[in-house]
Amino acid sequence: MDGLGIPRNEPYYIKTSKFKKMDEFKVTHTMIDYVISDFANKNKLSLKTAQCQFINYGDTELVYIMDFEGKKFTLLIGQPITEIGAVKKEARLLSHFAKLDPETVVAPLDFYKTKAYMFDHSFERECFITPYHMQTRCVASIFCGFGVYVPDPKYHFELFNEKENHIVCACMVAKLISLYDEKNKCGIASCKLGGGDFMLEKDWNRENVTASDTLKHMKLIACRDVLNCSLEQYIEILRSELGKITYYSTENERDPNILINHKNRATMNEADINAGIALGLKLRKMAKGNNSQKESDAKPQKSSKNAKNPNGEGK
């Protein structure tokens, strides 16, 4: 499975504080083997040629591709340092927000909490499985701007040009606003806009970049926490945070006053933030109109004196 992610060097990307990386690597793969077998059995997938390949990493999870004779799925398994409960919470939140926008949010198909006893110690990991989107580009930031990691032909970073930067930044802001949960009065928090939480599908048209095409091909793949506040407050927090560099190397360095825009190496300019807010509010209005229309269509129609019965005869 070439051209899917970073070069295969898993132990290097494992974050651990107690045990050797190679020990954690062995533990991780013991648990992965169990998950692959169980998921295959539950979904009637063949294990004969099953493959599992590491493709990426994050602070919370290691990312793998599971392949069952061409049917691919993404497996996200907790980093050794990730507290038990954090991955389960993320899976639950992704499922929740996917109900609001299933076209944008990549929802889990299954969740596992696994245990293993190795090296005289007991280990636990949480993981979840999602649909796989072929060769998607993770949006990320460096200190001079935003760009994407492209896994084709080899995994590499491509900085956005000026137009791409404006449109992608505005669209990420718009998606956050459109995903605000009005019923429960909460929005997505602890979001790493510069760390791969959003990705763009391979079919995203970079030859003629538009907001509509970018929104169509933009996916949200992470959701660590929520912020309970009004939509107006949520928007104001976005305004105040997105113009700042918020990068930190360790959790001890993280500014606790930054609620949404975590670990971002780049800033967004005011015009892009305002454009994103306007676009997000427009998306919310459109979604509300569509939902109202669906509710109207679902209501039974009043009968008419001239209506025909099922046999085609007038009443």
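In the predicted model, strand S7 (residues 145-150) is largely enclosed by the rest of the structure, because five of its six residues are buried. Strand S7 is paired on both sides of the sequence. With strand S6 (residues 137-142) it runs antiparallel, joined by five bridges, and the two strands are connected by a hairpin of two residues. Within this pairing, isoleucine 142 has glycine 145 of S7 as its bridge partner. With strand S8 (residues 156-159), S7 again runs antiparallel, here through four bridges. Valine 148 stands opposite glutamate 158 of S8, and the hairpin between S7 and S8 contains five residues.

Strand S3 (residues 71-78) is also largely enclosed by the rest of the structure, since six of its eight residues are buried. Phenylalanine 73 is placed opposite proline 131 in S5.

Threonine 60 occupies the loop between strand S1 (51-57) and S2. Its relative accessible area is 16%, under the 20% limit, and threonine 60 therefore counts as buried. Beyond its neighbours within four places in sequence, threonine 60 is in contact with Ile77, Gly78, Gln79, Thr82, Val87, Glu90 and Arg224.

Helix H4 (residues 162-178) comprises 17 residues and spans 24 Å from its first C-alpha to its last, close to the 24 Å expected at 1.5 Å a residue. Asparagine 161 caps the N-terminal end of H4, with a side-chain oxygen 3.1 Å from the backbone nitrogen of lysine 163. Of the 17 residues of H4, 13 are buried, so the helix is largely enclosed by the rest of the structure.

In soluble globular proteins, nonpolar side chains tend to be buried together. The largest nonpolar core of the model has 57 residues, of which Val139, Met172, Leu176, Ile188, Phe198, Tyr234 and Met268 touch the most other members. H4 gives the most to this core, contributing nine residues. Phenylalanine 198, one of the members named above, is in contact with Arg137, Cys138, Val139, Met172, Lys175, Leu176, Cys191, Leu193, Met218, Lys219 and Leu220, its neighbours within four places in sequence being left aside. Another core, of 26 residues, lies apart from the largest one and includes Val35, Phe39, Phe68 and Ile129.

Over the whole chain, seven helices and 12 strands are present. The C-alpha atoms fill a box of roughly 80 × 55 × 40 Å along the principal axes. Of the 315 residues, 48% count as buried. Among contacts between residues at least 6 apart in sequence, 62% join residues at least 24 apart. The accessible surface amounts to about 16,900 Å², and carbon and sulfur atoms account for 49% of this area.

Notes: Residues are numbered from 1 along each chain as its sequence is written. This is a predicted model: local features need pLDDT of at least 70, side-chain atom pairs count only at pLDDT 80 or more; totals for chains, interfaces and linings use all residues. Side-chain values use heavy atoms; hydrogens and water are left out. Buried means under 20% relative accessible area, exposed over 50%, partly exposed in between (1.4 Å probe, protein chains only). Two strands pair if DSSP finds at least two bridges between them. The expected span of a helix is 1.5 Å times one less than its number of residues. A polar contact is a pair of N or O atoms within 3.5 Å; within protein, one must be able to donate a hydrogen and the other to accept it, and residues adjacent in sequence count only if both atoms are side-chain atoms. A nonpolar core is a set of buried Ala, Val, Leu, Ile, Met, Phe, Trp, Tyr and Cys residues joined through side-chain atoms within 4.5 Å. Contact means heavy atoms within 4.5 Å. Accessible areas come from the Shrake-Rupley method with a 1.4 Å probe; for residues, only the protein chains shown count as cover.
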